[in-house]
Amino acid sequence: MDLSCFKAYDLRGQVPEQLNPDLAERIGRAYVDVTGAKKVIVGYDIRLSSPDIATALSDGLRAAGANVYDIGLCGTEQVYFATSHYEMDGGIMVTASHNPKNHNGMKMVGPESRPISSDNGLNDIRDRVLEPFTDASEQGSYETLDAMDAYVEHLLGYIDTASLKPLTIVANAGNGGAGLVIDQLEKHLPFRFVKVHHEADGNFPNGVPNPILPENRSATAEAVVAQQAAMGIAWDGDYDRCFFFDENGRFIEGYYIVGLLADQFLRKTGGGAVIHDPRLTWNTLDLVQAAGGTPVESKTGHAFIKQRMRDEDAVYGGEMSAHHYFRDFAYCDSGMIPWLLVAERLCQSGQTLSSLIDARIEAYPASGEINRTIADPKAVISAIEANYREQGGRVSKVDGVSIEFDDWRFNLRMSNTEPVVRLNVEARGDKALMEAKTEELLAEMERLNR
């Protein structure tokens, strides 16, 4: 049996070669055997293969004795919400997020929506799949559960709706599931939504929804300009990530959104810990400290960030990859809460999104993440670390290697899944220096890779 769909944090693979209903049924049984869960939320995304895989998964869960609560077509964060809100023993989302349309996968959580990854149960589930199963003495029940109203009510609790003003907002669901939530939120908000690629369609007629790819941004950007919107938002397929465009249609790097959200959250809470990743940090540190918060650095990746948020009881956590985490959302990531907070800030401040962001880009210009395929990533990173350490750089190894000088810094880290090295560079108020150091590092990587 091919179990290559099991990854570090979730399951992902081609349908039906790597993931199919037969395997999904066995995964359901294994999940119950390993976790002991008795009440499990199941949801699925808009992919054409998702309903069949979710049905087979539910059959396996029930055969092993667990009661299944099916919340139907939804986003990953709705499984997180329902698992936590209804005090279930676990939840499984059938999704392959932004992967090609012939792929599918699963994201699993335990009680309180704590992530299940390779270091706390996912490998055990994988190994259990290969062993024979016997049915539970009593089969679990199955019922559908409509979690949408409770979820929407929860989302609205993050903002002061009385402070909102009429704004025009472009919402690009990318034919994923986000449009279903926008249609519900719209009933409670004074915004005019311009809906782009709105209908959920697993054929992905406008391409796979992944706004982090530059070629996927033009539809949102053009609609913002044409409609004179206050901002644009685009989501990936299971809408656990959202991406922002200012009123000029400019795509905003996720790094600057982390600082903006941290500032907005701390204004409400009056303090608290904020978790951030080590790739780009100075803008976040500056804003968090100015707002009376405590910045805490964590290794990149949702399992690490969520655990660190629990450890620190952090109010908010953000990654530059557009994952945003919230204490009151079971420490999970949401692609809906961030844009509500940004819209609230626009209404309360009377400022444009570009004016909120421009000053931050000017203060801390950044390269954005640059990926290079490297034959021996470890050797290249090690050589660069030695070189810049000799020049007096301060070294941190929270994730990859971060090296800091007084006026610029960089982070270099290996991909977990491919022979790729990821570079991020930033400077203090000096775009030319940032660009020069980026070129210098890229040239050095190329030389070492020969």
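Five strands make up an open sheet in the order S17-S21-S20-S19-S18, with antiparallel pairing. Strands here are DSSP runs (E, at least two residues), helices are DSSP runs too (H or I, at least four residues), and both are numbered from the N terminus; two strands pair if DSSP finds at least two bridges between them. Strand S17 (370-373) and strand S18 (394-396) stand at the edges with a single partner strand each, so one side of each has no neighbour in the sheet. On average, neighbouring strands of this sheet are turned by 20 degrees against each other, direction ignored.

This is a predicted model, in which local features need pLDDT of at least 70 and side-chain atom pairs count only at pLDDT 80 or more, while totals for chains, interfaces and linings use all residues. Residues are numbered from 1 along each chain as its sequence is written, and side-chain values use heavy atoms, with hydrogens and water left out.

Ser-396 has Ser-402 in S19 as its bridge partner.

Elsewhere, helix H8 (residues 254-269) packs against helix H12 (residues 353-363) at an angle of about 110 degrees, with the axes 10 Å apart. Axes are lines fitted to C-alpha atoms, for helices over the stretch in contact, and angles run from 0 to 180 degrees between N-to-C directions. H8 and H12 are therefore roughly perpendicular to each other (65 to 115 degrees). In H8, Tyr-256, Ile-257 and Leu-260 meet Leu-353, Leu-356, Ile-357, Arg-360 and Ile-361 in H12 (contact means heavy atoms within 4.5 Å).

How values were computed
Angles under 35 degrees count as roughly parallel, over 145 as roughly antiparallel, 65 to 115 as roughly perpendicular and the rest as oblique.
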